[in-house]
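Dear colleague,

I am passing the structure on to you with this email, and my notes on it follow. Please read them with the coordinates open beside you.

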Protein chains: 2
Amino acid sequence: MKTTELIQQIQKKKSFLCIGLDVDLNKIPQHLLKEEDPIFAFNKAIIDATHHLCVSYKPNTAFYEAYGLKGWKALEKTINYLNEKHPEIFTIADAKRGDIGNTSTMYAKAFFEDLAFDSVTVAPYMGKDSVEPFLAFEDKHTILLALTSNQGAFDFQTKTVDGKELYKQVLETSKTWKNSKNLMYVVGATKAEYLADIRKIIPNSFLLVPGVGAQGGNLQDVCKYGMNAHVGLLINSSRGIIYASNNEDFAQVAASKAAELQQEMQTILSK
Amino acid sequence: MKTTELIQQIQKKKSFLCIGLDVDLNKIPQHLLKEEDPIFAFNKAIIDATHHLCVSYKPNTAFYEAYGLKGWKALEKTINYLNEKHPEIFTIADAKRGDIGNTSTMYAKAFFEDLAFDSVTVAPYMGKDSVEPFLAFEDKHTILLALTSNQGAFDFQTKTVDGKELYKQVLETSKTWKNSKNLMYVVGATKAEYLADIRKIIPNSFLLVPGVGAQGGNLQDVCKYGMNAHVGLLINSSRGIIYASNNEDFAQVAASKAAELQQEMQTILSK
């Protein structure tokens, strides 16, 4: 998907919401466990109830891999369902991959070709030749971890490297990589005040912002410091939406939680 | 597997060789493509021919994920075959995972419980709470990326952070994490001269060393600078062994390549 198509969808839906599909069989409504594929049944119900309120879905691969083959199968069914029913929606494989060149190419094939996601999250630790194989794919996006939403972000990411924090070095260095136009970045909402500085380095890039809701981040602050002329933000919420209820009404309740965020976004966009 | 069992096996086999099972369907002997599961057929033949020469196998997950469900199935069959036929062999899921706490727990379950590997490689960028969930598993090992074998290692890993290279900060910081006794580290063979400094920080830890052979690293240099009293090294070779021939004799030729390395290791160990 081209970035312009994502921007059009944001304008049309008056939303820049991304819903995280992090399916844990211990947390989903127990009546779904008698389905043939409870993970997919859960995702399908969430997607059917919320697709008009969001512009993106983001399954985190860990939650699928933990269930082995049946998990991978459910991930495949989920992305196929999205691509078939809602091809306009921007899909993110939250996989945080990265390896030496020829191996990163295999990961890129896994997520861009075999599973046909629009984008994948990638870790920067191994540098240029671990990321460029992902960037080589036309109309696909590589979402590079810059500043994450967890406490561990302060272990290395915010440490000073050659006079500048590591996450800023990552941002600046990544701009020099081949096909860097295909880059987006992960910046945690729990660190909204950092966004003003980040925007000085990457004014035009899309940012995937986790951590609103369950992790304590604030939507107003993120938009104040991080929004650009074409919005440039995808705000992710996972647990706050998909686990808002674990009764039979879970999809309806998820939709009402998503609608609250969409309304808040619409108000911000109309200012 | 306990570290003492790994050390015993090294002494018994006079080998500290790890064989990388990075199966690319474009590179394996073409007669295998008519098998029901060519990836597993290839791995089984390699394992049957080489298991007495090595102490560890390391499938890189990228090569399995690239083939989707059938790839994941082949990975599952491979680890099950190893655990059933050769339970004394140390198995490594080269997955380079890492995510926020609850999500890393799901990855740990995927590789330690569902697939029952002895260890998994993990990226350090997200810090303590992204790694500790892996360390919480008893008798399982977390192999943290420190200094990788690729050119991109110089983008961030060797940059100076608070007066010390980032990879050294990673080594030192990781020692303070809970259950750090379960840590091993990835250190590329292409940077053998760095090993002396690394051993000052982590004298007793096992190092997984990729990059010998195809990537240009030298076994003698790695041992000179990196070996400790209980060896403390796992030297990985992938392409140099498994793709030494792509004819029907591939497993035999792989075994002879593995035997060359094992002989070289035996000579070093006897000094």
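Does B:Tyr81 count as buried or exposed? At 13% relative accessibility B:Tyr81 counts as buried, where buried means under 20% relative accessible area, exposed over 50% and partly exposed in between, with a 1.4 Å probe and protein chains only.

Before the rest, some conventions: this is a predicted model, in which local features need pLDDT of at least 70 and side-chain atom pairs count only at pLDDT 80 or more, while totals for chains, interfaces and linings use all residues. Residues are numbered from 1 along each chain as its sequence is written, chains are lettered from A and ligands numbered from 1 in the order in which they are written, and side-chain values use heavy atoms, with hydrogens and water left out.

Aromatic pairs

The partner is B:Phe40, and with ring centres 5.8 Å apart and planes at 80 degrees the pair is edge-to-face. It links distant parts of the chain, since B:Phe40 sits in helix H2 (residues 38-50) and B:Tyr81 in helix H4 (residues 68-85) of chain B, 41 residues apart; helices (H or I, at least four residues) and strands (E, at least two) are DSSP runs, numbered from the N terminus. B:Phe40 is also buried, with a relative accessible area of 14%.

A tilted pair is formed by B:Phe112 and B:Phe137, whose ring centres are 5.3 Å apart and whose planes stand at 55 degrees. This pair ties together parts that are 25 residues apart in sequence, because B:Phe112 lies in helix H5 (residues 101-114) of chain B and B:Phe137 in the loop between helix H6 (128-135) and strand S5 (141-147) of chain B. Both B:Phe112 and B:Phe137 are buried. Ring pairs also join A:Trp72, A:Phe111, B:Trp72 and B:Phe111 into a cluster.

The interface

Contact (heavy atoms within 4.5 Å) is made between 57 residues of chain A and 57 residues of chain B. The area buried between the two chains, that is, the accessible area (1.4 Å probe) that two parts lose on being put together, summed over both, is about 4,800 Å², of which carbon and sulfur atoms give 62%. Between chain A and chain B there are 4 salt bridges, each a side-chain nitrogen of Lys or Arg within 4 Å of a carboxyl oxygen of Asp or Glu. B:Glu65 and A:Arg97 meet in a salt bridge through their side chains (2.9 Å, N to O). On the side of chain A that touches chain B, helix H5 (residues 101-114) of chain A gives the most, with 8 residues.

A:Glu65 lies in helix H3 (residues 61-65) of chain A and is buried, with a relative accessible area of 0%. Leaving aside neighbours within four places in sequence, A:Glu65 is in contact with residues of both chains, among them A:Trp72, A:Arg97, B:Glu65, B:Trp72 and B:Arg97.

Backbone

A:Lys14 has a phi near 50 degrees, a positive value in a residue other than glycine, and lies in the loop between helix H1 (3-13) and strand S1 (17-20) of chain A. At 39% relative accessibility, A:Lys14 counts as partly exposed.

With best wishes

Technical notes:
Rings of Phe, Tyr and Trp (its six-membered ring) pair if their centres lie within 6.5 Å; planes under 30 degrees apart count as stacked, over 60 as edge-to-face and the rest as tilted.
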